[in-house]
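Trainee: Can we go through this one together? I'd like to start with the contacts.
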Amino acid sequence: MLKTQQITLEKTIVQSEGNIASDMDGEKVMLSVQKGKYYNLGELGGEIWDLLKEPITIHELVTTLQSQYDVAQTECEEQVTDFINQLLEQGLVRIEDRINS
């Protein structure tokens with residue numbers, strides 16, 4: 001059985017280096033230089049991608065998106081977590097250990 005890392009709302013996520021993203025007709029597309037693959041992140045995925053330029057917790061992502069969209073918190077948490085998991089699997093983002101001060 002494949003063991004995947006469990007993502008929690010407290011995890012801090014940030015973009016991995018080596019990705020080139022640009023807007024195309026309102027959607028974000030990205031090239032992973034390391035993998036030589038293109039990804040279409042879509043409109044909402046593009047917004048999440050932009051928010052990941054600086055380290056941010058999944059909880060902060062959800063709060064930001066909820067302030068912009070009419071979406072239930074549990075649904076938003078599930079969709080954001082699923083999207084982050086896909087980005088993690090592709091190596092496009094990484095979990096950053098944040099030291100709480």
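Mentor: Contact here means heavy atoms within 4.5 Å. This is a predicted model, where local features need pLDDT of at least 70, side-chain atom pairs count only at pLDDT 80 or more, and totals for chains, interfaces and linings use all residues. Residues are numbered from 1 along each chain as its sequence is written, and side-chain values use heavy atoms, with hydrogens and water left out.

Trainee: What does glutamate 77 touch, not counting residues up to four places away in sequence?
Mentor: Leu9 and Val62. Glutamate 77 sits in helix α3 (helices are DSSP runs of H or I, at least four residues, numbered from the N terminus).

Trainee: Is glutamate 77 buried or exposed?
Mentor: Buried, at a relative accessible area of 19%. Buried is under 20%, exposed over 50%, partly exposed in between, with a 1.4 Å probe and protein chains only.

Trainee: Switching topic: at what angle do the axes of α2 and α3 cross?
Mentor: Roughly 125°, and they come within 10 Å. Axes are lines fitted to C-alpha atoms over the stretch in contact, with angles from 0 to 180 degrees between N-to-C directions.

Trainee: Which residues meet there?
Mentor: From α2 (residues 58-68), Ile58, Leu61, Val62, Leu65 and Gln66 meet α3 residues, among them Cys76, Glu77, Val80 and Ile84.

Trainee: And leucine 52, what is it in contact with, leaving aside neighbours within four places in sequence?
Mentor: Ile13, Val14, Gln15, Leu61, Ile84, Leu87 and Val93.

Technical notes:
Helix = DSSP H or I, 4+ residues; strand = E, 2+ residues; numbered from the N terminus.
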